[in-house]
Each structure stands twice: as C-alpha cells, then as structure tokens.
2 protein chains.
Amino acid sequence: MKGRAKIDPIDLRIIELLSKNARMTYKELAEALGTTRQRISRRMEKLERMGVIQKYTVVPNFDLLGYSYVLLGITLKAGVSIDEAIGKLKEVKHVTIIQKALGTHNLVVHVVAPKDMKEIQAIIEEISKAVPGVEHMDVTFITETCKYELF
Amino acid sequence: MKGRAKIDPIDLRIIELLSKNARMTYKELAEALGTTRQRISRRMEKLERMGVIQKYTVVPNFDLLGYSYVLLGITLKAGVSIDEAIGKLKEVKHVTIIQKALGTHNLVVHVVAPKDMKEIQAIIEEISKAVPGVEHMDVTFITETCKYELF
C-alpha cells in the first residue's frame, strides 16, 4: 500500500525538471534548485518509493524506428471486470502501456508493433478475443508527436 | 530536415534500455552492451540529433501529484487544416502532449490540470472554441497507468 504522498513545491520542481530531461545529474538538479546533491538524491528516492515517479523513460520517434504506434480506446460492457481485462491485456505481445480510464473509454491501450498493417490487425483481433466483454474499440494511429511537455 | 535514420541493433538496444531507465549512466550502458562509454555517448548524441530519441522524461503518477490526466480524441471536419489546429492547441494552457493521428481521431491531445472538474470543463471548452472545425471530441480520464513498457 502506497501512503498518501506529501509533495512539497521542491518535489514538484524536481519532477518538472526531470520531465524535461530525466538525465539531469544530481549536481545539475542541486544547482538548479539551490540545494545539495545529497538532498536531491534523498528526495528522488522518496518520490520513487512513493510511486510519484513511476519511471524514467524516453520519448522515441517510433516512426523512425520502423514501428507503428496505435492507441486503442476500449469500452467494456457493463459489469465486466476491468482488472480481468487488464490481466488478459498484459499477456498480449506488443501491448506497451495499459491505462485504466473513465469517460468515453474504460481502458486505453498502447500498441507498438512493426509497421505492417497485417500485424497490427492480428494484434487488434487477438485483443478482441483475449479481453472478455469488449463493447467497442476505437483505433487511432499516432503518426507524430508534435508537443511533449508534461507540465 | 531530418535524414532517414539508420538504426542498427545496438542503437535499438540502447533505446530499449533507456526506455526502462532513462537515468542509466554511460558506464552502465557500456557494461550492459559490452562497449565503451565513448561509443555509447556518441551513439546517443546521434540518436538525439536524428530525432529518434525525442526526449528523456518521467512517468509521474499524476493522481498522487493532485492532477487530473485527460485524453482528448479529436475528430476534425473534412478539409480542416490539422497544422492550424495544432498551432491553436499549443497556446492552450494545460495541454501537455499533442499528437497527430489517423483513424477514429485526427488528433490526440493530453491535458494535465489540477483535480477540479470545473477547471477541466473550462479547458475543454477553451479547446472547442480555439480549434476551428472540431467535429467530435472523445473525453477520457486516465485514472491509473497499470503497465508502462515501451518495447
């Protein structure tokens, strides 16, 4: 169980800076925030432990890598277990991100697969079969990321 | 103009490792791939220059930070300029990610804003007004990221 996070403005500044460049060193962060490397490192450990920072990652240009990036907005039938659906989705190859949602869709699923429409089609069919109670699926191909600034 | 990327398997391994942990040092990457820090650093610079690596960032738990994360799937009317729409969207506060798309939606817009339904509503209204030719907008609140493994 993760406790309620107590986030102060310095924590938020650290996360903002890392969201712009996750490779900033403790030294660079310390200089930017007028504190010490030790304090930065202790705060980052705390934020990771609390789950406030879930991951440090890259934003790749999937197109240049030869991959398609597809977003599936899934609407489940009433009464269907979302956690069962997530369990099934985790087993499907090329499913990279799974997000619980509320609104038009119950689930947002990101698929990264080699640029081959037949392969994408096969993955979507596999998901339709594997996940029980899919009422509707919106398929959107992401072709370009024009802006990426989390804060 | 970005040239066509020539990505070899070592480049791909570097991107995969960084997608799992963008804070890996040159030394750690070099050890994992059996090469030198200088070669890793040179390859990463090349990948950044080519735009294959667009950014190093964090995956925050927005909920714990007190923010809502909303995905807007926008469908534009036929003949509407997507680039004009993107230009307008870039000016809207709290719009964090803008992606060009093909399929159910023409644009995927990510909004990160303080947890306050009235504020979210105001942002959605602002987008509806600012972006010319919106035919339809699907609103999906992301409540939890259950999996995040880009490759």
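**The largest cavity and its surroundings**

Tutor: Happy to! The lining of the largest cavity is made up of 6 nonpolar, 6 polar and 2 charged residues (Ala, Val, Leu, Ile, Met, Phe, Trp, Tyr, Cys and Pro count as nonpolar, Asp, Glu, Lys and Arg as charged, and the others, Gly among them, as polar). This is a predicted model, where local features need pLDDT of at least 70 and side-chain atom pairs count only at pLDDT 80 or more, while totals for chains, interfaces and linings use all residues. Residues are numbered from 1 along each chain as its sequence is written, chains are lettered from A and ligands numbered from 1 in the order in which they are written, and side-chain values use heavy atoms, with hydrogens and water left out.

On a 1 Å grid over the protein atoms alone, a cavity is a set of points where a 1.4 Å probe fits but cannot get out, a pocket is an open set with protein on both sides within 12 Å along at least five of seven lines, and lining residues have an atom within 4 Å of a point. Grid points are joined across faces, edges and corners, and a volume is the space filled by probe spheres set on the points.

Searching the whole structure gives 1 cavity of 30 Å³ or more, and the largest cavity holds about 130 Å³ of space. It is lined by 14 residues, and the closest to its centre are A:L71, A:G73, A:H105, B:L71 and B:H105. Two or more lining residues come from each of β2 (67–76) and β5 (134–148) in chain A, and from β2 (67–76) and β5 (134–148) in chain B; strands are DSSP runs (E, at least two residues), numbered from the N terminus.

Now for the interface. Contact, meaning heavy atoms within 4.5 Å, links 63 residues of chain A with 63 residues of chain B. There are 4 salt bridges between chain A and chain B (a side-chain nitrogen of Lys or Arg within 4 Å of a carboxyl oxygen of Asp or Glu). A:E144 and B:K100 form a salt bridge through their side chains, at 3.7 Å from N to O. On the side of chain A that touches chain B, β5(A) gives the largest share, 11 residues. That side divides into 36 nonpolar, 15 polar and 12 charged residues.

Finally, the largest pocket has a volume of about 1100 Å³. Among its 50 lining residues, A:Y69, A:I97, A:H110, B:H110 and B:Y148 are the closest to its centre.

Technical notes. Helices (H or I, at least four residues) and strands (E, at least two) are DSSP runs, numbered from the N terminus.
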